[in-house]
Amino acid sequence: MRVRPTALLGFLSLGVALCQPPPAVEFTCASLLEVVRAGQLRKESVAVGDKLRSCGNEFNGKGEYLVSVQLFEAMRALAIKLDDQAMLAAALVATAGARTQLSDLAEAEVLARQALSLGERLGDKSVMAGALAVLAELVRQHGDYDQSRAYNLWALELFQAVGNTRRVAYQLHNVGFTYLAQGDFPKALDYLEKSASALKAAGNEWARATVLLSIAGIHEDLGDYARNRELLRESLRIHESLENKQGIASVEDAFGRMYAEQGDFVAARQAYEKALTLRMSIGEKGGVASTLINMGEMFQAEGNSEKAAEHFRRSLEIDAKVKNSNRQAEALAHLGQIYEQQGKPNLAVQSLKESLRLGRESGFKRLTASALDHLAAFHLRRNQLASAEECLKESLSLREQMANRAGMAKTLTLMAVLAYARKDFAGSVTVAQRAAKLASDLGQPEAQWRALTAAGRAQVALGKPQEAAQSFDAAIALIEGARVQAGDSRREQSLYFAERLTPYQERIALAVAGKRGEEALQYAERSKARVLLDAIQADREPVTKRMTEGERSKEQELRNALTALNRQVLLASQEERPVLAKVSALKQRRDVARAQYERFQSSLYVAHPELREKRGAGSVLTDFRSPGLLPTPSAVLLEFIVTPERTYLFVVRRGGVSVHEIRVTRRELARAITQFRTRLASRDLEAGDSARRLYDLLLAPARASLRGASEVVVAPDGVLWELPFQALKPAANRYLIEESAVSYVPSLTVLAETLRVRPEGGAASVLAFGNPAVGKESVGKRKFVLMDERLEPLPEAEKQVLALPAIYGGSAKVFTGRAALEERWKAEASRYDILHLATHGIVNPRNPLYSTVVLSAGEAGSKEDGLLEAWEIMELELKARLAVLSACETARGQVTEGEGVIGLMWAFFVAGTPATLVSQWKVESASSTALMVGFHQRWRAGANGVSKSQALREASLRLLKSSEYSHPFYWAGYILAGNPR
């Protein structure tokens with residue numbers, strides 16, 4: 001959706017104060033401003049009034065609207081004191097125009113109508129015309145384009161009558177803009193090009209730059225990106241030469257939209273951040289709201305719906321005050337989509353219908369068409385085909401009237417989906433291919449891959465697998481080509497990819513149907529853990545090495561603020577009787593600090609583009625029979641792909657690849673896994689029944705391959721990351737762990753990488769931290785203690801790490817209590833082969849890179865808060881072969897389709913550790929100690945020839961066979977992820 005509601009902001013008020021050359025006055029504009037602000041304006045003359053007007057216009061031309069309002073208000077006060085009606089009329093018009101830029105619309109309207117009335121009494125056509133121009137902008141912002149055009153044409157006539165050629169040029173632009181908003185591109189171009197020519201002849205570069213921006217918008221809608229880019233560059237050059245902040249911001253916004261349309265989200269983000277900073281600096285509320293919508297749309301395209309919703313809501317808050325119905329309609333349309341994704345259909349349809357109502361009332365055709373598309377997509381997902389068709393027909397008609405080719409590609413893709421739903425497969429292919437061709441001509445990879453995917457699905461239905469394969473492959477190529485430009489953070493990159501898995505899944509289904517198992521597995525690998533693979537394969541250089549002194553200082557300032565707030569939240573939440581309002585307020589402040597730090601980190605990659613990882617350059621595994629991947633004839637690799645309608649199981653042995661299609665939907669699978677985990681958490685004796693059913697569903701197809709397997713490596717997908725496969729039951733009285741060692745990997749390619757990596761640790765072998773001091777004195781006599789966010793003392797965890805020197809010898813270094821400092825861990829971790837953290841863990845599923853391992857914070861003034869977060873781990877360069885996270889839910893985080901689990905485990909992979917031992921649920925302290933000590937005793941860094949996965953199996957079996965810890969809750973919670981050897 002491309003409303004561009006601020007395209008002519010900053011264009012109206014320059015020159016509305018009649019623009020006569022002022023007499024010479026001894027003040028400079030800067031000194032005059034100081035005098036006005038100090039309330040010390042003593043000279044009372046027409047010359048001073050003219051100087052106030054002239055300086056106000058100067059600041060207005062630079063987008064300094066707050067400053068210009070101060071000067072115009074001083075001019076108005078002076079006019080009243082002098083009883084100078086002509087000066088008062090000019091001041092009213094100028095102040096109204098400047099307040100319009102600040103979105104003070106109610107005040108601006110009062111001033112403009114006063115000016116119009118006074119101008120009529122004085123017979124001053126210039127004042128009347130200026131007031132009408134402001135009123136035209138005010139009603140335009142309310143979506144009344146017909147009335148806006150009427151006011152503008154009246155103002156045009158008056159300016160022509162007084163011979164004000166510059167304002168005639170302005171009014172030509174404003175009339176053209178009303179036609180642009182209503183989709184009448186020929187009339188819009190006619191008026192706008194006349195305006196640009198007149199302004200160029202008059203040498204008015206500032207105004208011409210604004211007109212060029214509007215003309216560029218038309219070429220964007222027509223799909224002429226080359227001409228759009230050319231005009232934007234010229235507009236930006238002019239605005240920069242004039243130091244016009246509002247103009248620069250408007251052009252940066254336009255560049256951001258263009259980049260986002262072309263799939264270059266990195267460049268789009270940079271442009272939007274510049275625009276937002278400029279708009280906020282000059283207090284341009286409407287412009288801030290527009291940029292927030294653009295950024296929200298970008299985040300939504302990347303798959304980050306949470307961040308997108310935040311931006312749309314912030315925009316709505318502004319527009320509720322300034323009453324801009326166009327932007328409200330746009331934000332509501334996008335929020336409707338997000339509500340639907342969140343499973344809130346009533347809120348979704350309410351938002352979408354309100355968006356459409358506002359769009360129709362405004363008469364803005366582009367806005368109405370986009371709202372119709374959003375509503376049609378909603379109806380399609382609910383199989384409400386008649387309603388969807390009605391919306392799409394109206395949308396396409398509007399887009400054709402506007403010759404809006406960019407929008408047509410999206411509408412046509414939805415029409416192809418509609419035809420498919422009606423089983424008109426031939427019609428679906430025709431429409432989808434038309435949409436793909438249009439998107440290709442316009443350079444829109446996002447719209448193109450979606451259209452190609454729609455075509456491919458219809459070709460499968462028509463029994464044309466070769467054509468379908470070509471369509472899906474072309475879609476995949478576009479996605480993989482564009483993903484190198486998706487987001488600055490790895491989480492944003494993973495979310496981008498998660499939203500674009502459909503053509504991969506369709507291609508897998510096609511290969512499976514053709515009984516080409518290895519081909520299907522290759523596409524499965526191309527769809528999994530690609531962001532993690534890029535990070536593992538990258539030759540990383542920490543950005544901190546390239547920071548300037550100013551950047552280092554800023555980073556330290558932001559980190560200090562974040563550290564202080566983290567600590568305050570922790571202490572407040574651990575009080576005997578926490579005050580919820582206080583904790584909530586502190587968390588809100590911390591979230592703001594986090595957002596500021598994230599923006600700063602993104603800005604570093606803008607300033608140092610050479611540090612950006614090369615994405616998509618890594619090779620995906622194709623040789624699945626490599627002896628290095630399968631060390632023994634009895635090893636088995638299991639890879640899952642979970643799609644909305646079915647699940648695929650790939651079984652890899654030295655003899656080759658086999659694939660099984662499992663008829664279970666993603667929703668059904670999630671329900672079964674949740675039920676099983678609930679029973680495990682409550683130590684329900686009936687959990688065995690669920691374990692047997694899940695084995696029969698997911699692993700029974702591979703029963704023959706699993707028979708006799710000494711080692712099973714599982715590459716889960718989606719909801720399957722929540723399932724402890726080791727606790728499934730191939731027989732009524734037997735668990736999988738009793739037959740095989742079980743480990744996990746994000747993908748087989750990542751497994752190959754972890755096997756290839758040979759970290760070189762120092763002479764010391766083990767660094768272990770346990771039971772850090774977090775503020776509570778005693779756990780009393782409670783026997784059952786969870787290692788979770790309640791942060792009770794963990795004497796069992798202390799016992800756990802103190803046992804390690806007896807196992808590994810004097811090279812094991814152990815810190816407990818107040819000595820288990822976060823600062824110490826960061827300083828020493830990179831020198832050890834084995835890292836062991838026995839403490840509390842706090843998972844953050846919404847913002848997984850803020851998931852935490854709790855350590856000690858140190859004395860007051862320490863640089864660290866005692867909360868070792870996932871993003872901090874990712875910044876380190878670790879050389880350990882194994883990281884043991886003996887804490888609650890360290891295997892959990894945000895399950896991202898395709899990428900896997902984003903969280904602590906993922907962070908250690910990125911930091912260079914090829915294997916982690918982590919927990920899938922809230923583990924109990926005493927049983928964790930027994931399991932961890934048993935694991936280390938059996939493994940001892942591989943010195944006794946036992947692999948990590950075998951050591952974990954034997955330690956688990958010891959608990960399983962005990963009387964106290966036989967339930968899988970106690971022994972199945974920990975998993976080994978990564979290199980199992």
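Start by selecting strand β10 (residues 852-854): three bridges join β10 to β11, and the two run antiparallel. Strands here are DSSP runs of E, at least two residues long, while helices are runs of H or I with at least four residues, both numbered from the N terminus. Strands count as paired if DSSP finds at least two bridges between them. Zoom in on Val-853, and you will find Leu-868 of β11 opposite. Now widen the selection: β9, β10 and β11, in that order, form an open sheet with antiparallel pairing. Its edge strands, β9 (841-842) and β11 (867-869), each pair on one side only.

A word on what you have open: this is a predicted model, in which local features need pLDDT of at least 70 and side-chain atom pairs count only at pLDDT 80 or more, while totals for chains, interfaces and linings use all residues. Residues are numbered from 1 along each chain as its sequence is written, and side-chain values use heavy atoms, with hydrogens and water left out.

Zoom out for the whole chain. The protein chain holds 41 helices and 16 strands. Of its 981 residues, 61% count as buried, where buried means under 20% relative accessible area, exposed means over 50%, and partly exposed lies in between (1.4 Å probe, protein chains only).

**Next, select strand β1, residues 635-642.** Eight of the eight residues are buried, so β1 is largely enclosed by the rest of the structure. Show the side chains: Ala-635, Leu-637, Glu-639 and Ile-641 point one way, and Val-636, Leu-638, Phe-640 and Val-642 the other. Strand β4 (residues 711-715) runs parallel to β1, joined by five bridges, with Ala-635 opposite Glu-711. Strand β2 (residues 647-653) pairs with β1 in the antiparallel sense over six bridges, and here Phe-640 stands opposite Leu-649.

**Now move to helix α28, residues 549-573.** At 1.5 Å a residue its 25 residues should span 36 Å, and the end C-alpha atoms are 36 Å apart, which agrees; the expected span is 1.5 Å times one less than the number of residues. Colour its buried residues, among them Leu-558, Leu-562, Leu-565 and Val-569.

Asn-324 sits in the loop between α15 (305-322) and α16 (325-341) and is buried, with a relative accessible area of 1%. Select Ser-103 too: Asn-324 and Ser-103 are 221 residues apart in sequence but 9.2 Å apart in space, C-alpha to C-alpha. Lys-423, in the loop between α20 (405-421) and α21 (425-442), has a positive phi near 65° and counts as exposed at 63% relative accessibility. Asn-771 lies in strand β6 (residues 766-772); its phi is also positive, near 45°, and at 12% relative accessibility Asn-771 counts as buried.

**Finish with α8 (residues 165-181) and α10 (residues 205-221).** Their axes come within 11 Å and cross at roughly 20°; axes are lines fitted to C-alpha atoms, for helices over the stretch in contact, and angles run from 0 to 180 degrees between N-to-C directions. Contact (heavy atoms within 4.5 Å) involves residues including Tyr-170 and Phe-177 of α8 and Val-211 and Ile-218 of α10.
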